[in-house]
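Trainee: Could you walk me through this model, starting with what holds its side chains together?

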Amino acid sequence: MTRNPVGWFEIYVQDMDRAKAFYENVLSRTLEALAPPGADGNDMEMWAFPMQPEAGGAAGALVRMPGAPSGNGGTLIYFSCEDCAIEAGRAVAQGGTVVRDKMPIGPYGFIALITDPDENLIGLHSMR
């Protein structure tokens with residue numbers, strides 16, 4: 001199956017109750033709680049926008065996580081990959097940096113975080 005390049009997005013927030021109410025009311029959609037990924041995700045809170053795994057377009061969530069800024073630079077886009085470690089390695093070769101090496105996120109696969117040469121934070125996602 002051919003996929004669009006963006007596979008997931010996260011909007012970082014500081015006040016989840018306020019953000020959740022804003023998006024639910026503006027978009028007339030009910031967000032669903034997501035379990036925090038990984039063993040160290042206990043301090044994270046995630047609420048997903050309604051999604052259908054087989055539908056087109058990108059799914060995403062509101063995320064409250066200590067140390068993750070909101071506002072300018074507070075949205076993280078994940079690009080779908082075959083193996084996110086490969087693309088993370090390519091980023092370094094092209095003048096970017098690896099912020100977080102490939103890590104498991106439970107049944108949702110793996111992610112890696114990189115920056116581009118302009119220091120934009122980008123997520124990479126793969127199922128293997």
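Predicted model: local features only at pLDDT ≥ 70, side-chain atom pairs only at ≥ 80, totals over all residues.

Mentor: Residues are numbered from 1 along each chain as its sequence is written, and side-chain values use heavy atoms, with hydrogens and water left out.

Trainee: How many salt bridges does the count come to?

Mentor: Side chains of opposite charge can pair when their charged atoms come close. Here the rule asks for a side-chain nitrogen of Lys or Arg within 4 Å of a carboxyl oxygen of Asp or Glu. By that rule, the count is 5.

Trainee: Which strands do glutamate 45 and arginine 64 lie in?

Mentor: Their side chains meet in a salt bridge, N to O at 3.4 Å. Strands are DSSP runs of E, at least two residues, and helices are runs of H or I, at least four, numbered from the N terminus. The pair ties together parts 19 residues apart in sequence, because glutamate 45 is in β3 (residues 45-48) and arginine 64 is in β4 (residues 59-64).

Trainee: Aspartate 83 pairs with lysine 102. Is aspartate 83 buried or exposed?

Mentor: That salt bridge is 3.0 Å, N to O, and it links the loop between β5 (75-80) and α2 (84-93) to strand β6 (residues 97-104). Buried means under 20% relative accessible area, exposed over 50%, and partly exposed in between, using a 1.4 Å probe and protein chains only. Lysine 102, at 31%, is partly exposed. With a relative accessible area of 15%, aspartate 83 is buried.

Trainee: How many disulfides does a search of the whole structure find?

Mentor: A disulfide here is a pair of cysteine sulfur atoms within 2.5 Å. The closest cysteine sulfur to that of cysteine 81 is in cysteine 84, 6.4 Å away, so they are too far for a bond. Cysteine 81 is buried at 15% relative accessibility, and cysteine 84 is buried at 0%. The search finds 0 disulfides.

Trainee: What does tryptophan 8 contact, leaving aside neighbours within four places in sequence?

Mentor: Contact means heavy atoms within 4.5 Å. For tryptophan 8, the partners are Leu34, Met46, Met51, Ala58, Ala59, Gly60, Ala61, Leu76, Ile77 and Tyr78.

Trainee: Which strands do the buried residues of α1 pack against?

Mentor: The buried residues of α1 are Met16, Ala19, Lys20 and Glu24. Seen down the axis, they fall within an arc of 120 degrees, so they line one face of the helix; the arc is that of the directions from the helix axis to the C-beta atoms. On the other side, Asp17, Arg18, Asn25 and Val26 are exposed. The buried residues pack against β3 and β4.
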